[in-house]
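Morning, everyone. Please have the sequence and the model open while I talk. I'll go residue by residue.

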Amino acid sequence: MNSGVNTGKFELRGPQDGAQRVGDEVVFVCDLADTESVTGTVLQPYTISWTFIPHNVDAVSTIMTATHQGQQRFMTMTPDPYKYKDTGGPHLRVYDLSLSDAGVYQCQSNLTGEPVKAQLSVVGDPVCRNNKPEVTFNDNISLDCFVQYGGARHPTVRWNLQLEVRVVMIVAVVVSLVVIRVESVIEVVVIVVVVVVVVVVVVVVVVVVVVVVAAAAIA
């Protein structure tokens, strides 16, 4: 949309089209400059008004008015100070965005007349679903993704495959197999040691019995 208005002596600049997520905040910039001044500073009093037109709604509401009081000082007024605030000047900050905040934001000065407009689109978090969570090799799956949004701009959904997840899973499987193999080796070693001990005990018992029997026969 139009990003500036120039009446010859005064120029009104900003804001710009944008898109934000639900729950975020956005700042719209609106500056009035004196084109005949070296610094561009406007010395005479003026007013910046912000209006909002919701998307697909034929209604205009004034959400903030900033009155220039000289030396770059402004007095601002808004019907909803928790939703709309200034940034120390005529710029507009909108908090806690929802889908209903999507639409056209306009700033207008009493010295230029024509407003400067910007479109805001608001996008919600995507909700994705796997209709077939358990699959086997070579199976097909269908993944659905739903995105709620407000505004004239349609969001674009992109699917990305995170290969690092697969690598982590493979490493985890390999580590599990190694642990199982190590545990199996330990179990085998323990069994072998037990068997050896049992055999040694049996041999010792047999030797003792033979010695006792031989001694008794000699006596």
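V60 is exposed, with a relative accessible area of 56%. Exposed means over 50% relative accessible area, buried means under 20%, and partly exposed lies in between, with a 1.4 Å probe and protein chains only. V60 sits in the loop between β6 and β7. Helices (H or I, at least four residues) and strands (E, at least two) are DSSP runs, numbered from the N terminus.

A word on the source. This is a predicted model, where local features need pLDDT of at least 70, side-chain atom pairs count only at pLDDT 80 or more, and totals for chains, interfaces and linings use all residues. Residues are numbered from 1 along each chain as its sequence is written, and side-chain values use heavy atoms, with hydrogens and water left out.

Back to V60. What does V60 touch, not counting residues up to four places away in sequence? T51, F52 and I53. Touching, or contact, means heavy atoms within 4.5 Å. Now take V60 and V104, which are 44 residues apart along the chain. Their C-alpha atoms are separated by 9.4 Å.

Next, T51. T51 is in strand β6. T51 counts as buried, because its relative accessibility is 14%. Leaving out residues up to four places away in sequence, T51 touches V60, S61, T62, I63, V104, Y105 and Q106. With Q106 there is a polar contact between side chains, at 2.9 Å. A polar contact is a pair of N or O atoms within 3.5 Å; within protein, one must be able to donate a hydrogen and the other to accept it, and residues adjacent in sequence count only if both atoms are side-chain atoms.

Now the rings. How many aromatic pairs does a search of the whole structure find? Three. F28 and W50 make a tilted one, 6.2 Å centre to centre, with 35 degrees between the planes. The rule: rings of Phe, Tyr and Trp (its six-membered ring) pair if their centres lie within 6.5 Å; planes under 30 degrees apart count as stacked, over 60 as edge-to-face and the rest as tilted. F28 is in strand β4 (residues 26-28) and W50 in strand β6 (residues 47-54), so this pair links distant parts of the chain, 22 residues apart. Buried or exposed? F28 is buried, because its relative accessible area is 2%. W50 is buried too, at 0%.

F28 also pairs with Y105, and this one is stacked: 4.7 Å centre to centre, 25 degrees between the planes. Y105 is in strand β11 (residues 103-109), 77 residues from F28. Ring pairs link F28, W50, F52 and Y105 into a cluster.

The largest nonpolar core has 26 residues. Such a core is a set of buried Ala, Val, Leu, Ile, Met, Phe, Trp, Tyr and Cys residues joined through side-chain atoms within 4.5 Å. Which residues have the most contacts inside it? F28, I48, W50, L92 and Y105. Among the elements giving two or more residues are β2 (10-13), β4 and β6. The largest share, four residues, comes from β12.

Last stop, β2. In a regular strand the side chains alternate between the two faces of the sheet. In β2, F10 and L12 are on the covered face, E11 and R13 on the uncovered one. β2 pairs with strand β5 (residues 31-34) in the antiparallel sense, over four bridges. Two strands pair if DSSP finds at least two bridges between them. E11 stands opposite A33 in β5.
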